[in-house]
Amino acid sequence: MADDQEKDLQKFLKNVDEITNLIQEMNSEDPVVQEKAVRKTEERLLFTEEDQEDRCRTTLNKTMISPPQAPPKDADEINSEAFLAFVEKDAKERAKRRRENRALADALKEKGNEAFVRGDYEAAILCYSEGLEKLKDMKVLYTNRAQAYIKLGDYEKALVDCDWALKCDEKCSKAYFHMGKAHLALKNYSVSRECFQKILDINPQLQKQVKDYLNQVDLREKADLQEKEAHELLDSGEDTAVTTKNLLETLSKPDHNLLFYAGGIEILTEMMKDCTERTLFRTHNGFSIVTGNENIKRCFSTAAKGTVEETVCVCVLRLWQAVCSGNDENQRLLVMCPDMGRLLPSLLASEALTVRQQSLALVLQLAQMENGRSLIIDHLDLTRLVEGLVSFLEFSDKNANSAMGLLTDLALEKRFQVWFQTSFPGVLPALTGVLKRDPKVTNTSALSQCIAIMGNLSAEASTQRQMSASEEFGAACVGLMASCEEDVDLLRDVLYALLGLMMNLCLRSPFFSEVWAMEVSRRCMSLLNSQDGGILTRAAGVLSRTLSSSLQTIEEAVGAGVVKKMIKFLKMGGQNASRYAIKILAVCTNTCHEAREEVIRLDKKFSVLLTLLSSEDEILVVNAAFCLGNCMEVPQVATSLLKTDIVQVLLKLAGSDARNTALQLNAGIALAKLCTAEPRYAGVAGGSHGSQQAGQDQPGHHAVAGTLPHTAWGGGSSRRPGAFCADRCWAPVAASLEEAFLKEWGALRLLPERGKMLVYLTGICSVCLLPDFSLFHSLSLHPSLFTPSPSPSHTISPSLSFSLFYFSRKR
């Protein structure tokens, strides 16, 4: 007994020590320690409850009428349980307060974010600090406050906050990002690299962003070394270094004559021969001296041809070119000068020709390297920049090509593409103006390049949508197309680029208008007479997308001989040309009987279409099967194909596992039309209809393997010899068609002719006479084939009713 009491005492003392430690940890100022203590307390309480439950289940014995009384608890045990109850109550209260504090901290965080966006960083810091008083382990408050400290240049405090954020979450990439920026500002380059590299260790998908950060560190370290070397030369009394410093001091004096400034700037430009002078220009505030001079600033806004202001502007632009040559840090400081984002693009459209030329030369210099292009995209007014660059289309010299080359380089940058999509309305007038230019008096090379840029940018769906929403833009496209048709040979490159743009625009449905689509279709039909393969292909591509706009457009195209030209396209080959040609034939044969007859007349025995059915390009096969199915509606066509292997080809496609289920469906519909139009394709036994028995092929005639069973609807079967072979032949086809149809039904049920499609699928069942009618049975039970009714039961849709009627007639 004494031993048991000693054990209980030791256990109690151990519990007291552990609980005391937990209380001390919960009162710690370190939020991480505090959070761990709360978790340990909750786990301890949970374990105590489970232990008590287990102890109750163990001692309970319902078979005993008068169980022995438990020994009375001693005072220590009572105190221990009371203390644990107190801890449990305290933990619950703490959890409740934590939830309340989190809500308050979240509200303060949002308030701080709003202040940060306004640029009121002091207010943002105050909000984040108040939020941390409510919840000390909220890492986002630390990282947000660190970002605000960096904006104010208080880098040491930013580093402290980043450390606290990492204590909350050791994999907080945002903390490492701000820590890297703070160390970079403090010129701790190696530590900054380590911080950015840790971001990549946490999230490898941020490789591009980390690469950009590390590049910034390299550039700043390089600039720092340049400045040290330049100051050493200056301290040693090197002539050019001292002269550079003195010239800048002279130019900083206000109220001099404009020609005085022009002369001084020209001398300074001549001295910018190597890195030392360029660095001293930066370290002695050269950029702010020039851009902050009110007399010089007025020259930028009043420069006109033949004036002193023009001379000053040209001198300043040449100075900036000399200073920024091979100096990344100078380029960065230039574009970040106050108001430079608006000023530099506006100079591209100056009234003075020399100012425009020198401005273009400067921007081209900045854009030579990836870092310079990033500076342009991040800091310059891109709308004004695009307007200024396209204004160079007025020139017939190399300046126009240079401007379009620069625009091409920028358009390849992902950030420029994102900006273009979000800011398209602002740049739309300039682009529409490009399309309205007279191509005969414009630099055709530069014009075609500009239109090609628009075509590439229009590949994005959002850009297509915005372009298609502008009727003026669409009309400008048609107008330029008409101008190019007047001299296709001279304006070939412009027309080729324009057709590429219009192909993307025609991906949007509906088009600008039905009238627009008809006009474009007519002009594309005219271009199909061209001898240029590129023009022919793109004209066919545009036509394949505009032709379906109206029945009148299709009839006009068929009347103009489009079928003959597309058959010729298909015979010549070429993937893109063949895709466009077969799509045009599919559109025409779907609604125009004359088109079907023309295809049958020009494509003897469907040699071209059957060749396409064996292609590895699923898009070609889908449209070829669709076109073939349309032609099967012409009388006697199915009979003319009796001695071909068309049934085997369609069966193979209908039972294939193609990714595009439309291929299976179109092949099945074509097969149904074929078998419905010519019953001999069913391979009926006994030599009926002039065909031989199944399994005996005559030259050129490949009958369906096996004899098809004769069964009654819903009843048993009376099979002839070979019926089993027929089941095995058709069963996989039926299963494939069923899967394909059910996948496509969601779209098919919205089409006006969905009833006809069901009839064709039913025709497959009726001709093939599947013993269990699995395909038709599955389709008839599919929920999407029914229309809801007020009663709990369902009503069969009219299309399915027609199919059932058709099926019963065929049986």
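This is a predicted model: local features need pLDDT of at least 70, side-chain atom pairs count only at pLDDT 80 or more; totals for chains, interfaces and linings use all residues.

User: How many salt bridges does a search of the whole structure find?
Analyst: The search finds 28 salt bridges.

User: Let's take one. What does Glu-270 form a salt bridge with?
Analyst: Glu-270 pairs with Lys-273, and their closest N and O atoms are 3.8 Å apart.

User: Is Glu-270 buried or exposed, and why?
Analyst: Glu-270 counts as exposed because its relative accessibility is 52%, and the cut-off for exposed is over 50%. Lys-273 counts as exposed too, at 59% relative accessibility.

User: Next, which side chain meets Lys-440 in a salt bridge?
Analyst: That is Glu-486, with a distance of 2.6 Å from N to O. The pair links distant parts of the chain, 46 residues apart. Lys-440 lies in the loop between α23 (424-435) and α24 (444-457), while Glu-486 lies in the loop between α26 (471-485) and α27 (492-505).

User: And how accessible are those two?
Analyst: Lys-440 is partly exposed, with a relative accessible area of 47%. Glu-486 is exposed, at 57%.

User: What about Glu-556, which side chain does it meet in a salt bridge?
Analyst: Glu-556 meets Arg-522, at 3.0 Å from N to O. This pair also links distant parts of the chain: Glu-556 sits in helix α30 (residues 551-559) and Arg-522 in helix α28 (residues 514-527), 34 residues apart. Glu-556 is partly exposed, with a relative accessible area of 33%, and Arg-522 is partly exposed at 40%.

User: Which residues are linked in a network of salt bridges?
Analyst: Arg-193, Asp-218 and Glu-221 are linked in such a network.

User: Change of topic. Where is Glu-277?
Analyst: Glu-277 is in helix α12, which covers residues 275-283. Glu-277 is buried, yet has no salt bridge.

User: Which side chain of opposite charge is nearest to Glu-277, and why is there no salt bridge?
Analyst: The nearest one is Arg-278, 7.0 Å away. Side chains of opposite charge can pair when their charged atoms come close.

User: So what is Glu-277 in contact with, leaving aside its neighbours within four places in sequence?
Analyst: Glu-277 is in contact with Glu-238, Thr-240, Ala-241 and Thr-244, and also with Met-271 and Met-272.

Terms used: Residues are numbered from 1 along each chain as its sequence is written. Side-chain values use heavy atoms; hydrogens and water are left out. Helices (H or I, at least four residues) and strands (E, at least two) are DSSP runs, numbered from the N terminus. Buried means under 20% relative accessible area, exposed over 50%, partly exposed in between (1.4 Å probe, protein chains only). Lys and Arg count as positive and Asp and Glu as negative; His and the chain ends are not counted. A salt bridge is a side-chain nitrogen of Lys or Arg within 4 Å of a carboxyl oxygen of Asp or Glu. Contact means heavy atoms within 4.5 Å.
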